[in-house]
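Dear colleague,

I am handing over the structure below, and after it I set out what was found. Please read the notes with the model open beside them.

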Amino acid sequence: MKIVIKSDKTNLSMPVPMNMAAFAIKKIPDTVLERFRAKLPAEYAKALCKENLIFIFETCRPELEKFKGLEVVNARKEDGTLVSIVL
């Protein structure tokens with residue numbers, strides 16, 4: 001799996017073995033999540049946290065392992081910020 005986060009202040013590209021993905025999610029900078037939360041409606045912004053991302057990953061992991069190479073997240077903002085997760 002590969003996690004990519006690019007913005008004007010952050011350029012992070014991490015190849016991550018599937019069994020270490022929860023650890024990698026914990027290392028996503030809080031400022032990146034805060035910037036994404038700022039653009040979401042309040043009821044959805046509350047749900048965007050590392051704990052929820054880890055829970056979703058662990059719940060879906062058996063199925064995700066079947067789709068190696070699939071890009072499961074591709075989020076782009078108008079300012080060029082990118083978050084991409086490829087299995």
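This is a predicted model: local features need pLDDT of at least 70, side-chain atom pairs count only at pLDDT 80 or more; totals for chains, interfaces and linings use all residues.

Strand 1 covers residues 2-6 and strand 2 covers residues 11-15, and the two pair in the antiparallel sense over 5 bridges. Within this pairing Ile 3 stands opposite Met 14 of strand 2, while the bridge partner of Val 4 in strand 2 is Ser 13. Strand 1 also pairs with strand 4, residues 82-86, again in the antiparallel sense and over 5 bridges, and there Val 4 stands opposite Ser 84. Val 4 therefore has a partner named in strand 2, Ser 13, and one in strand 4, Ser 84.

The next item is the largest pocket, which has a volume of about 460 Å³. Its lining consists of 21 residues, and those lying nearest the centre of the pocket are Ile 25, Leu 53, Val 73, Val 83 and Ile 85. The elements that give two or more residues to this lining are strand 1, helix 1 (21-26), helix 2 (30-38), helix 4 (50-64), strand 3 (71-76) and strand 4. Helix 4 provides the largest share, with 5 residues. What kinds of residues make up the lining of the largest pocket, nonpolar, polar or charged? The lining divides into 21 nonpolar residues, no polar and no charged ones.

Turning to charged side chains, the structure holds 3 salt bridges. In general, side chains of opposite charge can pair when their charged atoms come close.

One of these salt bridges is formed by Asp 30 and Lys 50, whose closest N and O atoms are 3.0 Å apart. This pair links distant parts of the chain, since Asp 30 is in helix 2 and Lys 50 is in helix 4, 20 residues apart. Is Lys 50 buried or exposed? Lys 50 has 15% relative accessibility and so counts as buried, the cut-off for buried being under 20%. Asp 30, at 47%, counts as partly exposed, because exposed means over 50% and partly exposed lies in between.

A further salt bridge joins the side chains of Glu 65 and Arg 61, at 2.9 Å from N to O. Both count as partly exposed, Glu 65 at 43% relative accessibility and Arg 61 at 22%.

The side chains of Glu 63 and Lys 66 also meet in a salt bridge, at 3.2 Å from N to O. Here Glu 63 counts as partly exposed at 45% relative accessibility, whereas Lys 66 is exposed, with a relative accessible area of 58%.

With kind regards

Definitions and conventions. Residues are numbered from 1 along each chain as its sequence is written. Side-chain values use heavy atoms; hydrogens and water are left out. Helices (H or I, at least four residues) and strands (E, at least two) are DSSP runs, numbered from the N terminus. On a 1 Å grid over the protein atoms alone, a cavity is a set of points where a 1.4 Å probe fits but cannot get out, and a pocket is an open set with protein on both sides within 12 Å along at least five of seven lines; lining residues have an atom within 4 Å of a point. Grid points are joined across faces, edges and corners, and a volume is the space filled by probe spheres set on the points. Ala, Val, Leu, Ile, Met, Phe, Trp, Tyr, Cys and Pro count as nonpolar, Asp, Glu, Lys and Arg as charged, and the others, Gly among them, as polar. A salt bridge is a side-chain nitrogen of Lys or Arg within 4 Å of a carboxyl oxygen of Asp or Glu. Buried means under 20% relative accessible area, exposed over 50%, partly exposed in between (1.4 Å probe, protein chains only).
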